[in-house]
Amino acid sequence: MNSIDFALQQPSNPLSPHNDPWDPIRSLQQFGRHTLTSVEMTVSNLCNMRCEHCAVGDTLVMTEPAKLPLELMIKRLDEVKYLETISITGGEPSFSDRTVKEYMVPLLQYARSRGIRSQINSNVTLPYSRYEQLAPYLDVMHISFNYTNADDFHQIGFAKAGHHVSRDAAAKLYDRMIDNARRLSDAGVLVSAESMINYRTHSQIAEIHKLIMEMGCQRHEVHPMYPSSFAKDLPVLSREDMRKAIERLLDTRDKNIWMLFGTLPFYHCSENPEERDLLKRLAAEPNVTVRNDPDGRNRLNVNLFTGEVFVTDFSDVPAFGNIEGEKLDDLFDRWLDHSLARSVNCHCPAAACCGPNLLVKDMYYNEVDFHQKKAIL
Ligand code: SF4
């Protein structure tokens, strides 16, 4: 099926704290309105793990149906006028070698042919041969890393397995994950390890950071964990504990590695001066960036099994269209008109902020009308 030939080109401007095309503030500044520049595709609902925190855990299955033709997906991507990035996600997107060969490699080649950036979200615990096929065309391999050792990995990574997974079996996957991350880095892929700040990790975040450095990752991504449907039983961390964890991390981090913070529940319009001070510190620290939330700002998610289009892969917001009948740019315009999109579409240019994530607003700021607020700088 991989019969589409692309003329590949290497993107010129390297990804760095000064060049993050996933941040929706870029297109907002460039076009004066939110613009679709990023498309995420869900290509698998299969996974060899069952993590405690998995945002899409309730969609994971043991067998899955056929996907839409690759040609349709590429046609829809081709129609996106200002496309800058694609992301491929799952489940574990590379769980099936067939999906790697018939969808992922051609999608990455398409991205390279158009000079746009790509990311895969993976647990990188499968044999390296899966990832080796992707590495030549891939910009960012995004992995989750919330562990201080193999025992953590065993406990967290199989929390929802529903059957016994031996510690030895888990430890083998843990070692393979570390080895694969190193090999991908050596192959020139930017390996970005994401840690979630939650009830379990907030006190260990400095130690987790150290291990991520030792694995040779070029970026440490930090997001607070917001319990989505599958992980809704996990305890919610207070904003104060979250702020303290981030401060600890800033105090102890290795300043040579790019640290990217995302979906923070702190805004420059906060009435809490400690939260505003943290944002000022984040802005002043070398090699640190705070990404505005891309979901529904410059990005949509396409489910490749059904063609349905969502604001993110894990949102409770129902699909608002299907690529079988409509162009992605048109669907994006429809989303911007949605009352939910309007509820978070504030913008304070001086703070380079374009409003809260929907889940964050729901969790911490349910009653707040951000349109009535303004950055205090
Ligand atoms: S854009 Fe919205 S969330 Fe950000 S500082 Fe302004 S009012 Fe607050």
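Visitor: Which residue in E6 stands opposite Ser 195 in this predicted model?
Guide: Strands E5 (residues 190-197) and E6 pair in the parallel sense, with six bridges between them. Within E6, His 220 is the bridge partner of Ala 193. The residue opposite Ser 195 is Val 222.

Visitor: Is His 209 buried or exposed?
Guide: His 209 lies in helix H7. It has 23 C-beta neighbours inside 10 Å. Because a residue needs 20 or more to qualify, His 209 counts as buried.

Visitor: With which residues is His 209 in contact, leaving aside its neighbours within four places in sequence?
Guide: One of these residues is also the E6 bridge partner of Ala 193, namely His 220. Leaving aside neighbours within four places in sequence, the contacts of His 209 are His 220, Leu 249 and Arg 253.

Visitor: How many of the six residues of E6 are buried?
Guide: E6 spans residues 219-224. The strand is mostly covered, and its buried residues number five.

Visitor: Which residue in E7 stands opposite Val 222?
Guide: E6 runs parallel to strand E7 (residues 258-262) and is joined to it by four bridges. Val 222, which stands opposite Ser 195, also has a residue opposite it in E7, namely Phe 261.

Visitor: Which strands stand at the edges of the sheet?
Guide: The open sheet has ten strands with mixed pairing, in the order E8-E7-E6-E5-E4-E3-E2-E1-E9-E10. Each edge strand has a single partner strand, so one of its sides is left without a neighbour in the sheet. The edge strands are E8 (288-291) and E10 (309-310).

Visitor: Which residues of E1 point the other way from Ser 38, Glu 40 and Thr 42?
Guide: Strand E1 (residues 38-42) is mostly covered, with five of its five residues buried. In a regular strand the side chains alternate between the two faces of the sheet. Ser 38, Glu 40 and Thr 42 point one way from E1, and the residues pointing the other way are Val 39 and Met 41.

Visitor: In E9, which residue is the bridge partner of Met 41?
Guide: E1 pairs in the parallel sense with strand E2 (residues 85-89) over five bridges, and there Ser 38 has Thr 85 as its partner. Five bridges also join E1 to strand E9 (residues 299-303), again running parallel. In E9, the bridge partner of Met 41 is Val 302.

Visitor: How many residues does the largest nonpolar core have?
Guide: In soluble globular proteins, nonpolar side chains tend to be buried together. Here, the residues with the most contacts inside the largest core are Val 39, Met 41, Leu 107, Met 141, Val 191 and Leu 300. Val 191 is itself in contact with residues including Met 141 and Ile 143. The number of residues in this core is 90.

Visitor: Of the 15 residues around the ligand, which come nearest?
Guide: The shell around the ligand divides into ten nonpolar, three polar and two charged residues. Those that come nearest are Tyr 267, Cys 269, Cys 346, Cys 348 and Cys 353.

Visitor: Is Gln 372 buried or exposed?
Guide: Gln 372 lies in the segment after helix H12 (358-364). It has 8 other C-beta atoms within 10 Å. Because the limit for this class is 12 or fewer, Gln 372 is exposed.

Conventions
Residues are numbered from 1 along each chain as its sequence is written. This is a predicted model: local features need pLDDT of at least 70, side-chain atom pairs count only at pLDDT 80 or more; totals for chains, interfaces and linings use all residues. A residue is near a molecule or strand if its C-beta atom, placed from the backbone, lies within 6 Å of it. Ala, Val, Leu, Ile, Met, Phe, Trp, Tyr, Cys and Pro count as nonpolar, Asp, Glu, Lys and Arg as charged, and the others, Gly among them, as polar. Helices (H or I, at least four residues) and strands (E, at least two) are DSSP runs, numbered from the N terminus. Two strands pair if DSSP finds at least two bridges between them. A nonpolar core is a set of buried Ala, Val, Leu, Ile, Met, Phe, Trp, Tyr and Cys residues joined through C-beta atoms within 7 Å. Two residues are in contact if their C-beta atoms, placed from the backbone, lie within 7 Å.
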